[in-house]
Amino acid sequence: MIFPAARNNLLEAVVATGKPVVLLVFSGRPLILPWAFQHVPSVLAVWFPGIQAGPALVRTLFGENIPSGKLSMTWPRSLGQIPLYYNALSTGRPATQDEARLPNGHDEKFVSRYIDEPNSPQFSFGFGLTYSTLRYGPVELNKPELRLDWLREGLNKSSSSSPAPLLATANVTNSGSLTVTETVQLYVRLQGTSVSEPVRALKGFQRVTLAAGETKRVVFTVPAEAFALWNDQNVFTVEPARATIWISGDSRSGTGAAIEIRNKAN
């Protein structure tokens with residue numbers, strides 16, 4: 001849905017006064033607001049909050065309540081990007097970067113991109129800011145590789161003597177001056193399987209409260225189900241694959257940690 005032109009003109013006039021502006025967006029879906037996201041310092045998506053919207057929003061705007069919401073959908077830049085979702089399948093002509101123009105010398109026939117804007121969404125699935133700055137450390141795994149037979153045992157839950165699960169950990173630091181609550185997200189990608197898998201798939205999340213300046217080590221137990229798929233024989237199983245695991249604040253940020261799923265340990 002596109003923001004009505006008259007309202008956009010009013011918004012531009014208000015911003016032109018030079019006064020600090022916070023835009024509250026009441027809607028039931030993401031709105032296409034390219035000018036607003038470029039020129040308004042702060043935008044709060046409040047959806048349809050109900051009869052207590054007034055007091056809740058006042059407390060939020062004046063800092064009595066700290067925003068901690070995350071997007072449960074992908075927010076597009078333009079109507080032409082729709083349908084747009086975070087767990088898309090990889091293509092044979094991927095975008096190499098988010099920029100609208102590719103660097104000189106790059107062979108453009110092997111990539112897919114828009115001519116007039118980036119491929120990336122306005123805001124990714126899981127995205128959400130708060131009244132602080134959060135920093136994620138690198139992902140660490142407690143195993144160098146995963147054995148296929150172990151994962152299949154865990155998936156079938158047929159053995160009480162299954163090996164210890166995979167643990168994925170990362171430090172999350174609140175470098176601001178306020179206590180905030182962050183939704184830390186776990187994503188997994190599988191490559192080399194019999195069927196195509198999403199570029200990222202959400203496999204877990206935790207709500208973590210961080211005091212000003214505090215660092216917490218967030219630990220995810222990654223079960224066998226996180227690596228399972230319906231294969232080309234329509235069987236729910238685990239296959240040999242290259243897996244990448246992210247612990248991040250949304251579906252596009254962070255640096256993944258790679259791990260191999262093998263038939264047997266080396």
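Is Ser 42 buried, exposed or partly exposed? Ser 42 is partly exposed, because its relative accessible area is 31%; here buried means under 20% relative accessible area, exposed over 50%, and partly exposed in between, with a 1.4 Å probe and protein chains only.

Good morning. Before I continue, a word on the model and its conventions. This is a predicted model, in which local features need pLDDT of at least 70 and side-chain atom pairs count only at pLDDT 80 or more, while totals for chains, interfaces and linings use all residues. Residues are numbered from 1 along each chain as its sequence is written, and side-chain values use heavy atoms, with hydrogens and water left out.

Let us stay with Ser 42 for a moment. This residue belongs to strand 2, residues 42-45; helices (H or I, at least four residues) and strands (E, at least two) are DSSP runs, numbered from the N terminus. Leaving aside residues up to four places away in sequence, Ser 42 touches Val 21, Val 22 and Leu 23, where contact means heavy atoms within 4.5 Å. Its C-alpha atom is separated by 8.7 Å from that of Leu 24, 18 residues apart along the chain.

Which residues of helix 1 are buried? They are Asn 8, Leu 11 and Val 15. Seen down the helix axis, these buried residues fall within an arc of 60°, so they line one face of helix 1; the arc is that of the directions from the axis to the C-beta atoms. The buried residues pack against strand 1 (22-25) and helix 2 (34-39). On the face turned away from the buried side we find the exposed residues Ala 6, Leu 10 and Ala 16. After helix 1 comes Gly 18, with a positive phi near 85°.

Now to strand 12, residues 241-248. Of its 8 residues, 7 are buried, so strand 12 is largely enclosed by the rest of the structure. It pairs with strand 7 (residues 180-191) in the antiparallel sense over 7 bridges; two strands pair if DSSP finds at least two bridges between them. Strand 12 also runs antiparallel to strand 13 (residues 257-262), joined by 5 bridges. Arg 242 of strand 12 stands opposite Gln 191, and its bridge partner in strand 13 is Glu 260.

My last topic is the aromatic rings. The structure holds 8 aromatic pairs: rings of Phe, Tyr and Trp (its six-membered ring) pair if their centres lie within 6.5 Å, and planes under 30 degrees apart count as stacked, over 60 as edge-to-face and the rest as tilted. Phe 37 and Trp 75 form an edge-to-face pair, 5.8 Å centre to centre with 80° between the planes. Because Phe 37 lies in helix 2 and Trp 75 in the loop between helix 3 (53-61) and strand 3 (134-136), this pair ties together parts that are 38 residues apart in sequence. Both Phe 37 and Trp 75 are buried. Tyr 86 and Phe 125, by contrast, are stacked, at 4.2 Å centre to centre and 10° between the planes.

Thank you for your attention.
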